[in-house]
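Please open the structure in your viewer and keep the sequence beside it.

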Amino acid sequence: MSNQLHSISSYRFSQTDVLLFDTNVWLYIYGPMGEQYPRYRATYTLALIRSRAAKARILLDVLVLSEFINAYARFIYNQLPAATKPAEFKTFRKSADFQPIGEEIARQSEKVIERCELIESGFTRVNLREMIGDYAAGQCDFNDQILVELCKANELKLVTHDSDFKNADVTVITANPRYF
C-alpha cells in the first residue's frame with residue numbers, strides 16, 4: 001500500500017473500497033464534535049451515505065469503537081461547568097448525572113456498529129516493541145500506529161480527519177484542510 005491522499009468531497013467511492021472510518025470521523029457524524037463543527041458533520045455524513053450507496057465495505061475495529069465511547073464521554077465531561085463538574089472523570093461516570101449521557105453514547109455506538117463489519121485488529125502480528133519505542137520518542141500516537149498497521153495488513157483506506165496520518169503509508173480520504 002502506498003501513501004495516497006484523497007479529498008473526501010471529490011472521492012468516488014466504489015464497491016471495491018474497503019474503508020476504516022477513524023474515531024474522529026464517527027465523532028463528527030454521531031458525537032458531540034459534529035455539533036461544534038456542523039460543516040464537518042455534514043461532509044462526513046455525506047461521505048458515509050455515498051460510501052454505503054456505492055456498496056463499499058466499512059470495517060470497524062474494537063479500538064475505534066472504544067476510542068469513540070471514551071472520547072465521547074470525556075468530551076461531555078470536559079464541557080461541564082466548573083461549578084458542577086466532579087473533580088475526577090470516574091466520579092462523573094459513576095454518578096446519576098452520567099446515566100442519560102451513557103445511554104446516548106450507547107445509542108450512538110449502536111449506529112456505528114450497524115453501519116460496519118467488525119474486523120480483528122491483528123494485534124498479535126504487529127511489532128509492539130518498535131511501536132512503543134516510536135511512541136516513547138514522541139514520534140506518534142500509539143493507537144494511530146495500530147490503525148496504520150491494521151490498514152496496511154488489510155489494504156484498507158482510512159477515512160480520517162486526523163492530520164497525524166499525513167505521512168503514513170496508507171491511503172487517506174479526508175476533509176481536513178491541513179492535508180492539502
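Select helix 1 (residues 23-30) and helix 4 (residues 62-79), whose axes come within 9 Å and cross at roughly 50°, so that the two helices are oblique to each other. Here angles under 35 degrees count as roughly parallel, over 145 as roughly antiparallel, 65 to 115 as roughly perpendicular and the rest as oblique; the axes are lines fitted to C-alpha atoms, for helices over the stretch in contact, and angles run from 0 to 180 degrees between N-to-C directions. Helices (H or I, at least four residues) and strands (E, at least two) are DSSP runs, numbered from the N terminus.

This is a predicted model, in which local features need pLDDT of at least 70 and side-chain atom pairs count only at pLDDT 80 or more, while totals for chains, interfaces and linings use all residues. Residues are numbered from 1 along each chain as its sequence is written, and side-chain values use heavy atoms, with hydrogens and water left out.

Now show the side chains where the two helices meet: Thr 23, Trp 26, Leu 27 and Tyr 30 in helix 1 are in contact (heavy atoms within 4.5 Å) with Val 64, Glu 67, Phe 68, Ala 71 and Tyr 72 in helix 4.

On the helix 4 side the contact is made by Leu 63, Val 64 and Glu 67, and on the helix 8 side by Asn 143, Ile 146 and Leu 147.

Next, select Glu 155, in the loop between helix 8 and strand 5, where phi is positive, about 50°, although the residue is not a glycine. Most residues other than glycine have a negative phi. Lys 55, in the loop between helix 3 (38-53) and strand 3 (57-61), also has a positive phi, near 65°. Glu 155 counts as exposed because its relative accessibility is 61%, and Lys 55 counts as exposed at 57%; buried means under 20% relative accessible area, exposed over 50%, and partly exposed in between (1.4 Å probe, protein chains only).

Finally, select Thr 160, in the loop between strand 5 (157-159) and strand 6 (171-174). Is this residue, Thr 160, buried or exposed? Thr 160 is buried, with a relative accessible area of 0%. Not counting residues up to four places away in sequence, Thr 160 touches several residues, including Asp 22, Tyr 44, Phe 165 and Tyr 179.
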